[in-house]
Amino acid sequence: MRKWIAIGLGVLIALWVALSAGCASGSKLQGKTDTAIHGQVKTAGSTTVLPLAQEAAVEFTDINRNANVEVQGGGSSAGITQLKERVIDVANSSRDLQPGENNGTLVDHKIAFDIIAVVVNPSNPVKNLTKEQAKAIFTGKITNWREVGGPDEPIVVVIRDQASGTREVFDQRVLGSTSDKPVQCVASAIEQASNGVVREVVASTEAGIGYLSHGYVNKTVRPVNLDSAPPDIENASSGRYPLARYLHMFTRGQPVGAVKSYIDFVLSQKFQVEVVRRAGYIPIREVFKQ
Amino acid sequence: MGRLGLKDSDYWVKLVMFTCASVAILAILLIFLFIFRESIPAIRQVGVGNLFFSTNWAPNVSKPEAGHYGMLTFIWGTLLTTFGAMVIATPLGIGAAVFLDQIAPDRMARTVRRGIELLAGIPSVVIGWFGLILLVPAIARVTGSSGYGVIAASMVLVVMALPTITTLSAETLKSLPVTLKEASVAMGATRWQTIHKVLLPAAREGLLIAVILGMGRAIGETMAVQMVIGNARAFALSPFSRTSTLTTRIVTDLGEAAGVFRSALFAQALVLLVIAMVLIILIRLVSRRREAW
């Protein structure tokens, strides 16, 4: 009996060692490893940027074995504060610096562009909404499509959950919501937890309207123009389309050493195309090309 | 181990079993204490009246203290969807159990039983997904609403609760003494009269337990309900309303909830725990009566 227990344990331990060795390198970008870059990079901040930062950290440390990147959340504001207090090296942010927040040392690295499209079902004839109409629809003041030139049907509003960065931008820019005076969406709005599910709901509900990250728009939903501006890069970066923002990584002064390599990596073509775009955002070079 | 005397190995076995049991009890106690402790900030800052009896749910993610956290809407959502599910699942479940025990020939009974066991084994997220792609559009077509809402959630809950109710009711009916049925038939009763007037009343306590356990399953269901109920914060005034339940609210909001907001979600979990405990106490009361009989 004891012999079998020992053999069983031995097999389990062997399996565990084999599996953990196999799982060690999960890098999506296969590259040569580099041992020249070394040091610690501490980052924190926006939870919107967090998935990008985490993916960058994993792949950066896979390629640069002597470097170590720490990524945390906490929110854009917390990240910027910690950066100024010299607790971290890079602050991830989904918003610009507020006036007075830059103490003269912060350098802005824009790493992605996020356009939020307001979408409706393809069968909906409405093609344009003013910002006031959009706000009225999402807060429940306008309840029927015929009030904005559509068919006689009650509007089904689809929004994101409280943790969503997309919702944060939408609430601020379209609803005028601030942290002191938040504006709530209509109580009967369908709340879903991801861009993909919002898209599915709007695609299958004829009277539906919702918002999602530009990268998630496909043929199953149709984006509407806001204030006659279509949600494309040109109008968004010029400011004519109101629902857009940059994703930032701030540093204290110009970055050097491992921090510089990390930022360069995030801005590299490969990362931008393979990770940033897949997350639904727009690679930063495509904006600067305008 | 074989070399030791019977007395020693008996002691070790008892110790191991006692440890296993204590782990379970300890876990439940710790979970309850943890949830209670985490809800205290909400109870204190929002107040019992506003927290448990207000329908104003307006959280503030960046400034939690400035939000409103009334969970009455979701308590009502839980009760409404569970009630709607039970109204359909109870007759269906007990009917299926009667069919399995009294009416079906052996081979058919076996097949139906396998089918019900398979139904019980389907993960709730798969059932919710089917609800999302099949049920919701169907309801939208029939009623002209968005399809999401209490009705879709109740139907999904029926699928989740049905196997529990059916198998337990069938077990209860099987455990009834055969002499009961024989006596009834001997007196000239028809099959339906036997079932209706003799067997079902005799199985009453067991059937009640089956329904209560099915209800417990329905109240705790999260994934499947979250996909079809709409997760709105509106109070459900009709079966076609979109609303939320306690469970779906927790899973939708726990992502970035902090401070009082997070504590309010724990308070919702506390309410769920209390409901579960009430159900279990109910079962204990019912089965105690049954044992006496």
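Predicted model: local features only at pLDDT ≥ 70, side-chain atom pairs only at ≥ 80, totals over all residues.
**Entry 1. Domain contact in chain A**

In it, 13 residues of domain 1 of chain A meet 12 residues of domain 2 of chain A. I noted that strand E4 (106–120) and helix H10 (284–288) of chain A each contribute at least two residues to the side of domain 1 that touches domain 2. I then sorted that side of domain 1 by class and recorded 4 nonpolar, 5 polar and 4 charged residues.

For the bounds, I recorded domain 1 of chain A as 39–114 + 245–288 and domain 2 as 115–244. The C-alpha centres of these two domains of chain A are 28 Å apart.

**Entry 2. Chain A as a whole**

I counted 10 helices and 12 strands in chain A. Its C-alpha trace spans about 75 × 65 × 35 Å along the principal axes. Chain A has 290 residues, of which 40% count as buried. I also checked the sequence separation of its contacts: among those between residues at least 6 apart, 73% join residues at least 24 apart.

**Entry 3. Chain B as a whole**

I recorded 12 helices and 2 strands for chain B. Read from the N terminus, the order of elements in chain B is α-α-β-β-α-α-α-α-α-α-α-α-α-α. The C-alpha atoms of chain B fill a box of roughly 70 × 70 × 35 Å along the principal axes. Of the 293 residues in chain B, 40% are buried. For contacts in chain B with a separation of 6 or more, I noted that 72% are between residues 24 or more positions apart.

**Entry 4. Nonpolar cores**

I recalled that in soluble globular proteins nonpolar side chains tend to be buried together. I therefore looked for sets of buried nonpolar residues joined through C-beta atoms within 7 Å. The largest nonpolar core has 119 residues. Those with the most contacts inside this core are Val157(A), Val158(A), Tyr262(A), Ala152(B), Val156(B) and Val228(B). Which element gives the most to this core? I found that helix H6 (residues 150–175) of chain B does, with 16 residues. From chain A, domain 1 (39–114 + 245–288) and domain 2 (115–244) each supply at least three residues to this core.

I followed Tyr262(A) further. Leaving out residues up to four places away in sequence, Tyr262(A) touches Val41(A), Phe60(A), Val69(A) and Val90(A). I also recorded a second, separate core of 18 residues, which includes Val61(B), Phe74(B), Ile250(B) and Ala264(B).

**Entry 5. Helices H3 and H6 of chain B**

I next examined how helix H3 (residues 72–103) of chain B packs against H6(B). The angle between H3(B) and H6(B) is about 35 degrees, and their axes are 6 Å apart. The crossing of H3(B) with H6(B) is right-handed. I sorted the residues in the contact of H3(B) with H6(B) and recorded 19 nonpolar, 8 polar and 2 charged.

Note on methods
Residues numbered from 1 in each chain as written. Chains lettered and ligands numbered in written order. Helix = DSSP H or I, 4+ residues; strand = E, 2+ residues; numbered from the N terminus. Buried ≥ 20, exposed ≤ 12 C-beta atoms within 10 Å, placed from the backbone. Contact = placed C-beta atoms within 7 Å. Domains from an automatic or database assignment. Nonpolar A, V, L, I, M, F, W, Y, C, P; charged D, E, K, R; others polar. Axes fitted to C-alpha atoms, helices over the stretch in contact; angles between N-to-C directions. Left-handed = near helix turned anticlockwise from the far one by under 90°.
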